[in-house]
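Dear colleague,

I am passing a structure on to you with this message.

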Amino acid sequence: MSHPRRAEEARRLAEADPRGRVRVIMDPEPDGRPTALRVAPLSWSCVAPDATHHLVLQDDVVLAEGFYEHAERAAAAAPGEAIALYAGWEARNGAVARLAALAGAPWAYTLQEHVPCQALMLPAEAARGYEAFQREHGGGWPYDVVVQRYLNAIGMPVRFCTPSTVQHDDLPSLAGNTYHGFRQATLFTGEAGPADADGPCPRFPVVPFYQYGEARCAVLRGTEWEYLETERQLARTGLLDACLAALAAAGPDAAAGLPAGSGRAVWLTAFALGAVTADLPEPDPRIAAAVMETLGSGGLCEEFTAAELLAAAPAVRDLALTALAAGRRAGADPAVRTPRPAPLARVAVTGGDPAFARQLARLLADGGHDTGQDAAQDGGHDAVHPAGPPFAEDLDGVRFVVHLGRPEDEGLLADVLAAAAKAGVERVVYAGSSAVYRGSRERTVTEELPAAAPADPVALAWWREEQAVRAWGADRGVAVQVLRLADPVGPYAPEDSPLVRWVNLAWTRRPLALNPLGRHQVLDHRDLADALRAVLAAPPARPVLNVASAAFDEQELAGFLADVSRRTPWEWVQDPTVDRWTMATGLIGAELRWQPSAELRESMRALAQWWACDIHGDYTVPGDFTVPAVPAVPAVPTGPDARA
């Protein structure tokens, strides 16, 4: 698939096939708005009648020696799967390629992320079906996301090879992706492997990655991927103290030559890679050096030029190799794991969107609250999260209930309160919404408002739930507190929130409609968990508290989102009736000394990445994993509250 401006590059790729099977398909509207979606259906539908597989190359790749022969062997080895022959260092799947290289696996199954499409091969019938899917379901999404959605819809696994057998050429993006920076393969050796196309193909259950300057991990929990900070994952497995001690022992000069502030994230990522591969044979030193040399480039490519990234690569490699060795030693030695302290009060999270509630429960549990389901799977602490309306036995032993308000779900709150009463719960924290202030004429709204039932129907629904839970608590002598939350930002944010609507418009290439009078308060999901921990750690003094991370006007907020998703035009709309109030949030700070601490650019990027990559389903991987997850760490009762 090509564009007239790249006709010569496309011709050379086609002529590299000694059997002459490659056609060049040009963009039918080369003067139109740049998008791969115009040429993709043409490229996937021209399948030869006798083909078993169909390969589509983008015109900005360089082929390894023996590429086409390797592709033939790969098609024979995995006849019913999608096969990507490239994994970029800036992607989550680039981290999978790094892990596969360290594990000596010639293939690996992808994480749920946009499919690497630089060199992608599908079974012939799957290739023939793509055009109709894009026509019906494309909706303006980026091409590699549409491919992801299509393959998930037909249940087709995606594997890629390590090393990659194509390299991303250093050409300006024609599809408007230049702002993503210098992008190349995690590992490219220039030669396609001989007979390893039928080797093992794991789907790694824990994948440490360095992306957008942040050290994070993907953790597979059942059929769901969780994305979290690497520090949290290392703490769950009892290895954070060992990691930080090894970093301190490496000395202040260990990160010399790295971009400012990047040394800690590089160390955390490489240490975690060592920990999750500790039970595997020692990696090939040359391969380990090669994949660690690209670790920093993947994490920093949007912030630094190609020359700056390449200049820093040797220093990144040396630091990462030291951290990798430290992680392997720590991961193989149970004695260095820090036992979890005795848990705090047991908490149940009910109501709300189930995925958001699970995420919140895990954040609370990582902060020390009582362990519930799935704790042995990855070493995490899960606060109790009942599936559906809880029965009394679901809340057995629970001291505190955090209920995420959901006025549209009639009867849910009553079910939760009935179960809480039977279980003898000591306190209920009702997580409501700032929407209770809708229609207010005040510029700054405090917890004393609304003084009576609001006229706005949405505000009224939230107000009635607040009144119901407070009346229930008064009748039974159970402490009840109400938190009024700003718009959540991060994964699993409500689809009707402005942030999610704007992210959806950005990813699907539609302009944003902004009101110059508009004002928004947002709440990072990690700040919400911190606020709840502060509330639960103190006596239930104040009945109502406002909680927010920050406030923005609409243009400022849209600019944030453009930086972390896709650059999108906007247009102004005039609506003088728009709500212009802002919640006062000083009370929770004064009472509980709580302050928001999350970096909002990170949380908005997490929201944008979740919406782009994680809402489109998944596929089932055949067979068992060949690489184990890091084991859980048992809790050891310590301190004065050990008996609790």
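The notes below go from the whole chain to single residues.

This is a predicted model, in which local features need pLDDT of at least 70 and side-chain atom pairs count only at pLDDT 80 or more, while totals for chains, interfaces and linings use all residues. Residues are numbered from 1 along each chain as its sequence is written, and side-chain values use heavy atoms, with hydrogens and water left out.

The chain holds 21 helices and 22 strands; these are DSSP runs numbered from the N terminus, helices being H or I of at least four residues and strands E of at least two. Its radius of gyration is 26 Å, close to the 26 Å that the globule rule gives for 644 residues, so the chain is as compact as a globular protein of that length. That radius is taken over C-alpha atoms, and the rule is 2.2 Å times the number of residues to the power 0.38. Along the principal axes, the C-alpha trace spans about 80 × 60 × 45 Å.

Of the 644 residues, 55% count as buried (under 20% relative accessible area, with exposed over 50% and partly exposed in between; 1.4 Å probe, protein chains only). Among contacts (heavy atoms within 4.5 Å) between residues at least 6 apart in sequence, 80% join residues at least 24 apart.

Helix 4 covers residues 92–103, and its end C-alpha atoms are 17 Å apart; this agrees with the 16 Å that its 12 residues should span at 1.5 Å a residue, the expected span being 1.5 Å times one less than the number of residues. The helix is mostly covered, with 11 of its 12 residues buried, among them Arg92, Asn93 and Arg98.

Two peptide bonds deserve a look. The bond from Thr162 to Pro163 is cis, with omega near 0°, and Pro163 lies in the loop between strand 6 (158–161) and strand 7 (166–168). Leu449 and Pro450 are also joined by a cis bond, with omega about -10°; Pro450 is in the loop between strand 14 (444–445) and helix 16 (457–476).

Tyr492 has one of about 70°, in the loop between strand 16 (487–489) and helix 17 (498–507). For Arg509, phi is near 60°; this residue lies in the loop between helix 17 and strand 17 (512–514), and it counts as partly exposed because its relative accessibility is 22%.

With kind regards
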